[in-house]
Protein chains: 2
Amino acid sequence: MAKSAAPRKNTTILDVASAAGVSKSTVSLVLKGSPLIKEETAAKVREVAAHIGYVYNRRAAEMRNQSSNVIGVVINDLMNPFFAEVLVGIERKLVEAGFITLMAHTNESVELQTKLMHSMREHSAAGIILCPALGTPATLVKEVQAWGLPLVVMVRSLGKGSYDYAGSDNALGTFMATNHLLEKGHRCIGFLGGQSGAVFNDRLEGYRAAMKKHRLKANPDLLCNALPTRQGGYDALQRLLDVEPRATAAVCYNDITAFGALAALGERGIAVGRDFAIMGFDGLLDTAHSNPPLSTVDIRPGALGEAAASLMLERLSRPDTARLRYLATPKLLLRASA
Amino acid sequence: MAKSAAPRKNTTILDVASAAGVSKSTVSLVLKGSPLIKEETAAKVREVAAHIGYVYNRRAAEMRNQSSNVIGVVINDLMNPFFAEVLVGIERKLVEAGFITLMAHTNESVELQTKLMHSMREHSAAGIILCPALGTPATLVKEVQAWGLPLVVMVRSLGKGSYDYAGSDNALGTFMATNHLLEKGHRCIGFLGGQSGAVFNDRLEGYRAAMKKHRLKANPDLLCNALPTRQGGYDALQRLLDVEPRATAAVCYNDITAFGALAALGERGIAVGRDFAIMGFDGLLDTAHSNPPLSTVDIRPGALGEAAASLMLERLSRPDTARLRYLATPKLLLRASA
DNA sequence: CTGAAAGCGCTTACAG
DNA sequence: CTGAAAGCGCTTACAG
């Protein structure tokens, strides 16, 4: 806890009042633009306030009002550009609406996540937008709801309960990606990266559905689990190439996994796009300039973040309406890699 | 401004007091672990507090104390993984120290930056860690200092004034990168990406110094300015290849610029590492798995963020000591690209 | 350990 | 428009 080193007392509404020769109540009314005060007086007050360096103490006001315009945002993995893009979308939308972001990073630690959410609660966050760490128990939803705090869950769903949610249609996305490869004639298609969890299951499901639609059975050896990171994609691709008959293409769990796969293929001298096809998932801005540019399933991460923020804003203004749900519709973005 | 939809009154220290059969003062003392209260009573109070769902109201406490444990962090470009890594470093360090992060993204808009910093001030941030948007006037330093708010400037310096600063030795970094290429026999070396600004000038300076040390004059045509983005690196590399005599290597303004250059080279079928050498700058985690893996100047972005946070913590605990300065020492990280 | 009191900086009626 | 008052939830002496 740091004490501010303020040598002088803070200037308050009272200082403004005496400097402007009006009452404290008048100043307060001016600050919130009340029509009760005539413009002439208001202008004077504002001028004096600026002149003596008055700073509105939002905390004091919010404490009195029992209100808050800070929103907690809890992110599991900011090293993945996907979440960076999502966060930027959230923050932009919140600022536009006059809110400010209390941000915390869990790095996939459920324990840290618990601590951070409690901290946000103590800091009077008006609501929490959460992308849960891997392994988060579904009971967290009810717990936070019991706090009386609006909660928006993002990207990873959290059980069957009822809550506001912003995510993407994962099964449809990988279905489209896999289908694209199948239509280009690939038959032996790997699935790279990712590990158990709702998102993984849905994406794998879409891959399987596409194979099935083409009356192909998916060889389980072609399923190469790995961390959803560049390193994971790199490793998984190596394993995939050891499988016989050899795959000619792969659908990746996400874009960074795909980037890792591109690195592995490059290292082996395999020409991506010609000798091997790679599909990513997410639609990172970076995919336009990877080597080669990555074909991917675009779920517009920035828009997803904005949607999550919008759900929160909506919930704050209408606490008791039905739960909201945003599901990004995937779009194929075709580049050189497939 | 959102009103919390709290149907019931908040439970306060007073509720805990009456439920535990002690006084309000006692509860307050227990909550801050005062030794004045005997352990038996303290345990009882804590138990009762948990049982009735009491939540410490940190705002009220901080208002009374004239203190704050929230730190504002203002980032210019979160789409660049460099800043994402820096932010993660900052946040981790702050949380460790019991602080929480008020985060805002300027997207290089000076105007938005001004608005956001004022907002943080109104929210009683205890200090601000700022990576200034391009074009930020150096006068901002004095302005914030006049607010009485500790300020740590990051990555981009802000004039000759006196302020706490965390950055890297940019001239040394590009000197090392260029020197490495020269020692491998390259003579015609481009400098890709970046635009005027303190960081750019220093990095260019290091490149020139290395050329000079080898008694080479830098052909101005080899200097290809561009946005410090993947797209910028992609574009700059194209321009570089039009210059005669043709360059055989390039030092890039930063890693993402280098990634763009890799994409452009890949598209042209030029084998990076064999036919053309690329050096990046930053040391992003991603460089280990680009295609090909990128040789770069590592300034350890995460550690830089932690350092910035440490400077802030130090400043908060000792407001009047001499200004602090952290300058990351660059280290060459050699991979396949050069 | 208790209990009454003052104060952090604001907002909100309310009587004038 | 004013002025006195109460209250948001805490902390900090202080007398007992």
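This is a predicted model: local features need pLDDT of at least 70, side-chain atom pairs count only at pLDDT 80 or more; totals for chains, interfaces and linings use all residues.
Which residues in H9(A) are buried?

View 1. Residues are numbered from 1 along each chain as its sequence is written, and chains are lettered from A and ligands numbered from 1 in the order in which they are written. Val199(A), Phe200(A), Arg203(A), Leu204(A), Gly206(A), Tyr207(A), Ala210(A) and Met211(A) of H9(A) are buried, a residue being buried if 20 or more other C-beta atoms, placed from the backbone, lie within 10 Å of its own, exposed if 12 or fewer, and partly exposed in between. They lie on the same side of H9(A) because they cover an arc of only 150° around the axis, the arc being that of the directions from the helix axis to the C-beta atoms. On the other side of H9(A), Lys212(A) and Lys213(A) are exposed.

**View 2. The end of H9(A).** After H9(A) comes Arg215(A), whose phi is positive, near 55°.

**View 3. The crossing of H8(A) and H9(A).** The axes of these two helices (lines fitted to C-alpha atoms over the stretch in contact, with angles running from 0 to 180 degrees between N-to-C directions) come within 7 Å and cross at roughly 35°. The contact, which requires C-beta atoms placed from the backbone to lie within 7 Å, involves residues including Phe175(A) of H8(A) and Tyr207(A) of H9(A).

How values were computed
Helices (H or I, at least four residues) and strands (E, at least two) are DSSP runs, numbered from the N terminus. Two residues are in contact if their C-beta atoms, placed from the backbone, lie within 7 Å.
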